Each structure stands twice: as C-alpha cells, then as structure tokens.
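User: Hi! Could you walk me through this one? I'd like to start with the overall layout and then zoom in.
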Amino acid sequence: MAVQTSAPPSTRQAVLVTTDWAAQNLANTSTIRFVEVDVDTKAYTEGHVPNAVGWAWDTQLCDTLRRDIVSKQKLEQLLSVSGITNQTTIVLYGDNNNWFAAWAFWQLKVYGHQDVRLMDGGRKKWIAEGRELTTQVPTFPRATYQANAPEISLRAFLPEVMKASSEHSRQLVDVRSSQEFTGEILAPPGLPETCQRGGHIPGAKNIPWGKACNEDGTFKSAEELRALYTGAGITGEKPVIAYCRIGERSSHTWFVLKYLLGYQNVKNYDGSWTEWGNLVAAPIEKP
Amino acid sequence: MPKPEEYSETHTTLAGWPITITTYRLDTIYYTTIDNTDPGAWVVKAQGATKAESESKATAQAQALLEKIKKNPPPTGCTSVPGF
C-alpha cells in the first residue's frame with residue numbers, strides 16, 4: 001500500500017477557517033453557523049463570538065444516561081434548534097485549542113454532516129487577537145435537520161482495539177501526556193482520576209495531541225505534522241486508532257490525521273483509557 | 001461590543017506542576033484561567049477587578065488542587081495478562 005502523504009491544500013482549507021475569515025463571515029447566519037464547544041462549559045456565557053451558539057459537551061454531545069456519543073435523534077434536535085440545516089456550514093471553535101470542538105466535529109462527521117470546519121486557534125486565538133465578544137445568545141428560526149445513520153468506520157470500539165493491540169493489525173496512537181502514558185499519573189493534573197490503573201494499551205505510540213499545535217493554538221503546517229507522525233512511525237500505511245482518556249483529545253488527533261494529513265483509515269476510540277484502564281485483566285504496558 | 005484586552009499568558013510551575021496562567025480583561029472584569037500545560041486542560045478559573053486579584057484567586061485554587069495529585073511509583077515493566 002502506498003504511503004499516504006499530507007492532504008492537499010484544498011482539503012485543509014475545506015476543514016479549517018482562520019479567525020480573519022470568521023470575523024468576516026459572522027453576519028452570514030443564513031448559510032454559516034458558528035458553534036462554541038468548550039471543555040469549560042461556562043466559558044460561553046462569559047463571552048463568545050458574535051452570533052455563535054454554544055453547545056455543552058457533557059449534556060448535549062453525549063448520551064447522558066449510558067456512556068455513548070449523542071444519539072441521532074438528539075443530534076437532530078440540537079442542530080434543528082440551532083437553526084442548522086443539512087446544507088449549513090458549521091464552524092466549530094472552543095477552548096483548549098479546540099479539544100471539544102474537535103469532539104463535536106468528529107460526531108458531526110459520524111452522523112454525516114457535509115460541511116464542518118474548525119476555527120484554527122479556537123477561542124484562545126480569538127481572544128488573544130482582541131476580537132469582539134458578546135454575552136448575547138442568538139436565536140435562529142428552527143430548522144429541520146436529518147442526520148445519517150452513524151458512520152462506524154470513524155469510531156473504534158473495544159473489540160477492535162483489543163485486536164489491534166494483540167495482532168498489531170492497526171496502529172494505536174495514545175495522545176495523552178507522557179506522564180499519563182507511563183502511568184505516573186492517572187489523569188491530567190487537576191482533573192478527576194477516572195480509571196483504576198495507569199499505563200497504556202500495549203503497542204501504542206505516545207504522541208501527545210498538543211504537539212500538533214503551534215503556540216497560538218493553530219495547527220502546525222502539513223509538513224510539520226507529517227514529520228511529527230511519520231517520525232513516530234504513524235505513516236498511514238496501516239489503519240490508525242487514536243485514543244486518550246475520554247475521547248476528546250483523540251478527536252483532535254483524529255482530525256489531524258484524517259483531514260490535515262489525509263490518512264484514509266483513522267478511527268477515534270472514544271472509550272479510551274477510562275474504558276481500557278478499568279477493564280479486568282486487560283493487558284497494560286508500562287514502559 | 002466589547003473586545004478582550006490585556007491578554008497575557010504566563011508559563012510557570014505550581015506545586016511542582018507546569019502551568020499556564022492566562023488572563024484577559026473584558027470591560028471591567030479580569031478573567032483568569034490556569035491550565036496544566038501538559039495536556040492543557042483548564043484547572044481553575046477566577047475573576048477579579050484587577051489582574052492581580054484575578055490571578056491571585058486562581059493561583060490559590062490551583063495550588064490547592066494540584067497539591068492533592070498523587071504520583072504513582074516509577075513504572076517497572078509490562079503487566080500484560082496472557083490470553084486476554
């Protein structure tokens with residue numbers, strides 16, 4: 001199989017917008033919808049991009065009963081009340097260099113939305129550039145959104161990850177910090193420890209998500225990203241599965257590999273370490 | 001519409017952990033967020049009438065939180081279970 005190289009510029013432009021572009025297109029609410037999705041779900045209310053709606057990852061982008069992504073029906077409702085149609089261009093942005101914006105991007109692709117983009121640099125860059133913020137929550141006429149059935153080729157479940165680890169049929173990328181990867185800590189400093197054991201899935205390569213970002217929160221160039229991942233042996237020749245702790249940081253890496261580097265077969269394992277690290281008798285590697 | 005001003009990022013260490021203190025002013029309020037740098041998740045946030053007040057509040061909260069973090073012993077090797 002030929003090595004997959006970085007995505008052509010047209011692909012990158014199709015999934016990323018600059019803050020300049022965003023500022024110039026804020027008023028175009030008929031075909032574009034800006035959506036803020038933050039780790040800190042209160043950040044939106046402090047001030048957000050004008051005309052942006054806010055989605056909460058922990059209530060609106062997941063199943064609140066069982067552990068799962070948002071259901072098709074619930075997503076359709078969310079998009080409909082946000083005034084989003086199947087033809088709308090959705091521009092996502094958020095804090096932490098677009099962690100949960102990428103999580104939303106991944107879910108929108110799982111449900112087949114055509115035109116989704118990330119605002120490069122996210123909330124951090126918008127604020128650092130001193131651009132306008134508002135506390136006014138916009139309202140839009142309700143739309144009718146019809147989602148596709150979930151595209152499971154974008155999502156890895158436990159059995160596939162087990163197979164990937166034991167048979168080396170797929171490459172596993174652990175995007176957590178090196179201290180989480182080695183098991184020195186169970187969760188990012190300051191966040192709840194939600195697993196029983198530390199370490200990583202045997203065979204995984206550790207490429208922390210943040211290495212894909214510049215200091216200002218934007219994504220690194222295709223050349224830099226290619227060097228980063230191919231340098232660690234993640235070339236796209238084999239299918240790739242990215243994971244982290246709960247699946248949001250790995251959404252970020254999934255986005256990079258699939259859309260900025262153009263790897264064809266990339267999945268996000270949203271069960272991630274909070275699933276694997278709690279399994280009885282699961283193999284764990286601690287290098 | 002207000003614009004954020006006086007944006008600043010300070011990289012430092014607190015309770016042995018690298019952190020980033022980010023502050024900006026919106027109208028008359030200073031907003032501070034402290035994240036844990038690696039991996040970059042926010043740890044605490046605070047507000048104040050001055051930058052010093054906002055950052056002081058956030059730092060005190062972060063200190064209390066970060067001091068509680070347990071570090072596990074250094075890794076000793078693979079603990080795979082055959083036949084899984």
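This is a predicted model: local features need pLDDT of at least 70, side-chain atom pairs count only at pLDDT 80 or more; totals for chains, interfaces and linings use all residues.
User: Let's zoom in on Tyr24(B). Where is it found?
Analyst: Tyr24(B) belongs to strand 2 of chain B, which covers residues 17-26.
User: Is Tyr24(B) buried or exposed, and why?
Analyst: Tyr24(B) is buried, because 23 C-beta neighbours lie inside 10 Å and the cut-off for buried is 20 or more.
User: Which residues is Tyr24(B) in contact with, leaving aside neighbours within four places in sequence?
Analyst: In chain B, Tyr24(B) contacts Pro4(B), Glu5(B), Glu6(B), Tyr7(B) and Tyr31(B), and from chain A there is Ile127(A).
User: Nice, that brings me to the two chains. How many residues does the contact take from each chain?
Analyst: Chain A gives 38 residues and chain B gives 31. On the chain B side, the elements that supply two or more residues are strand 1 (5-14), strand 2, strand 4 (42-48) and helix 1 (51-66).
User: How do the residues on that side of chain B divide into nonpolar, polar and charged?
Analyst: The side of chain B that touches chain A has 19 nonpolar, seven polar and five charged residues.
User: Last one: what separates the C-alpha atoms of Tyr24(B) and Ala52(B)?
Analyst: Those C-alpha atoms are 11 Å apart, while Tyr24(B) and Ala52(B) sit 28 residues apart along the chain.

Definitions and conventions: Residues are numbered from 1 along each chain as its sequence is written. Chains are lettered from A and ligands numbered from 1 in the order in which they are written. Helices (H or I, at least four residues) and strands (E, at least two) are DSSP runs, numbered from the N terminus. A residue is buried if 20 or more other C-beta atoms lie within 10 Å of its own, exposed if 12 or fewer, and partly exposed in between; C-beta atoms are placed from the backbone. Two residues are in contact if their C-beta atoms, placed from the backbone, lie within 7 Å. Ala, Val, Leu, Ile, Met, Phe, Trp, Tyr, Cys and Pro count as nonpolar, Asp, Glu, Lys and Arg as charged, and the others, Gly among them, as polar.
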